[in-house]
Amino acid sequence: MRHHWWLHIKEMYSIVELKGVKFGYRCGYCGNAGGKASYGMWSHTMTVQDYQDLIDRGWRRSGKYVYKPLMNKTCCPQYTIRCHALSFHPSKTHKKTLKKVNRFLSKGEMPVEKHDEGREGEPMDSVHEEGVQPPPQDPLKIDHSDVQDISPSPDTDTANSAAPTTPRDDAEKTTAVTPKPGKGADPNRPLCRKAKDLRKERRLQKEQQKQQEAVSSSVNPSPAKSSSNQPKSLEEFITESLPNDPLHRLEVRLVRSNPPSPQFKASFDASYQVYKLYQMTIHKDPPDKPTESQFKRFLCDSPLEAETAPDGPDVGYGSFHQQYWLDGRIVAVGVLDILPFCVSSVYLYYHPDFSSLSLGTYSALREIAFTRQLQQQSPKLSYYYLGFYVHSCPKMRYKGQYRPSDLLCPETYTWVPIERCIPRLDISAYSRLNENARAGDAHALKKLGRVLVLHRRTVMPYAAYARKRKGSNDEKEVEQYASLVGQTCAERILLYRA
């Protein structure tokens, strides 16, 4: 049983390796040469639920590098922001952008102005900018034949330290499967492991087939019907004034980037060329800097494992590229993570020739519409995460216009409506946003000994690891890590110890 469980380690566990605190590197928001501070770790593999919980504690990924700004130390505090996608209604500026794009598609009218207040030039902690290299040893590339699990078993008083369940695992426990006559297990008796394994294998095959069918089709919003006395929906504004035979045709395609789908592989070169032009024009990179390997590491590699669940979206969870094809060629790409409760925007790049169309704003609106579309399939998936809101940087305040939205309190990790946050941030760049002085971090570290580690092919609580390594001096380092990820994640994620 233990051996079988270890064959599925990549599905069951997230595995991270500490990179520690980085102080004094250049801030892309204010230009301060040494004002930025963050904590980072390399993620070898990660479940979508663990990453959902991490971004709800202020973390964000750049490739496989996962980082968290040290809010009270960095020059420009970065607050995680989320938009309530179902309640969103476009502002006048948003409507203007949608009409501008539709005029271009319908009649070929290209605006003269070239200013885009939506995501253009947004900086991000990237692997190649910080010089963070992948660890030389991959803890997943090990011989599983003698791997042990000495983490506490569920029948002990430390059951919370046991292996976490993924959305797929929860579905297996709650979804009743009716066997065909003469086949499968007796529904009145406990499921035998062999039947469970066979069923899981069949379901995985069906899910893979479903994913291939889903991602090969266009991801275009269907207009939501509204009565005459209700304002137009976002979906109606997106398709408004588009004739049946527009001059230009725009198609939005969702392709899985990890593991790379055939559609992703086929369009890789074209996508990279758009990224290279974007970096050279918008970020003023030299022609030799945005290399293909940097592009792959920064925007294609992901620690997120592809997952599906009966109550999840048809395309599944994980990392994707949402490609904007204009008349048969890629003009923009939104890098997205689809998680249990949200669509998380990772990055956006586009062909500089179309910068006057405000593709940053336009793609954000399309991603909100996409979130609403997924919510129809998965009711709990109802938020759109825009990355970080930086109030101290005026050009980054545009994210606050996608309302209703919340900011994450950096001390209690609770969500606060942005309207209540702005007066505090006007006074101080760093602020505890939760107004309740007695509120605390519900997942604060309480028991360091229950932090899970992976050491010499063995999963164990930190307490057991510390006993085995009596001379180890990493307690403060592990304590800092566990405090930043929180008790819940620390008991699910495996911290790699050499």
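## Strand β4 and its neighbours

Arg61 stands opposite Val66 in strand β4. This strand covers residues 65-69, and its partner on this side is strand β3 (residues 60-62), which runs antiparallel to β4 and is joined to it by three bridges. Strands here are DSSP runs marked E of at least two residues, helices are runs marked H or I of at least four residues, and both are numbered from the N terminus. Two strands count as paired if DSSP finds at least two bridges between them. β3 and β4 form a hairpin with two residues between them, and Gly63 in the turn has a positive phi of about 65°. Strand β2 (residues 36-45) also runs antiparallel to β4, with five bridges joining the two. There, Ser38 has Pro69 of β4 as its bridge partner.

Is β4 buried or exposed? Five of its five residues are buried, so the strand is largely enclosed by the rest of the structure. Buried means a relative accessible area under 20%, exposed means over 50%, and partly exposed lies in between, using a 1.4 Å probe and protein chains only. In a regular strand, side chains alternate between the two faces of the sheet. In β4, Tyr65, Tyr67 and Pro69 point one way, while Val66 and Lys68 point the other way.

## Basis of the model

The model is predicted: local features need pLDDT of at least 70 and side-chain atom pairs count only at pLDDT 80 or more, while totals for chains, interfaces and linings use all residues. Residues are numbered from 1 along each chain as its sequence is written, and side-chain values use heavy atoms, leaving out hydrogens and water.

## Salt bridges

A search of the whole structure finds 17 salt bridges. A salt bridge is a side-chain nitrogen of Lys or Arg within 4 Å of a carboxyl oxygen of Asp or Glu. One of them joins Asp406 and Arg82, with N to O at 3.0 Å. Asp406 lies in strand β12 (residues 405-408) and Arg82 in strand β5 (residues 79-84), so this pair ties together parts that are 324 residues apart in sequence. Asp406 is buried at 7% relative accessible area, and Arg82 is buried at 11%.

Glu477 and Arg497 also meet in a salt bridge, at 3.2 Å from N to O. This pair links helix α15 (residues 475-485), which holds Glu477, with strand β16 (residues 494-497), which holds Arg497, 20 residues apart. Glu477 is partly exposed, with a relative accessible area of 36%, whereas Arg497 is buried at 9%. Elsewhere, salt bridges that share partners join Asp50, Asp53 and Arg492 into one network.

## Two crossing helices

How do the axes of helix α4 (residues 92-107) and helix α12 (residues 359-377) cross, and at roughly what angle? They come within 9 Å and cross at roughly 100°. Axes are lines fitted to C-alpha atoms, for helices over the stretch in contact, and angles run from 0 to 180 degrees between N-to-C directions. α4 and α12 are therefore roughly perpendicular to each other; angles of 65 to 115 degrees count as roughly perpendicular, under 35 as roughly parallel, over 145 as roughly antiparallel, and the rest as oblique.

His94, Thr97, Leu98 and Val101 of α4 make the contact with Thr361, Tyr362 and Leu365 of α12, where contact means heavy atoms within 4.5 Å. By class, four of these residues are nonpolar, three are polar and none is charged. Ala, Val, Leu, Ile, Met, Phe, Trp, Tyr, Cys and Pro count as nonpolar, Asp, Glu, Lys and Arg as charged, and the others, Gly among them, as polar.
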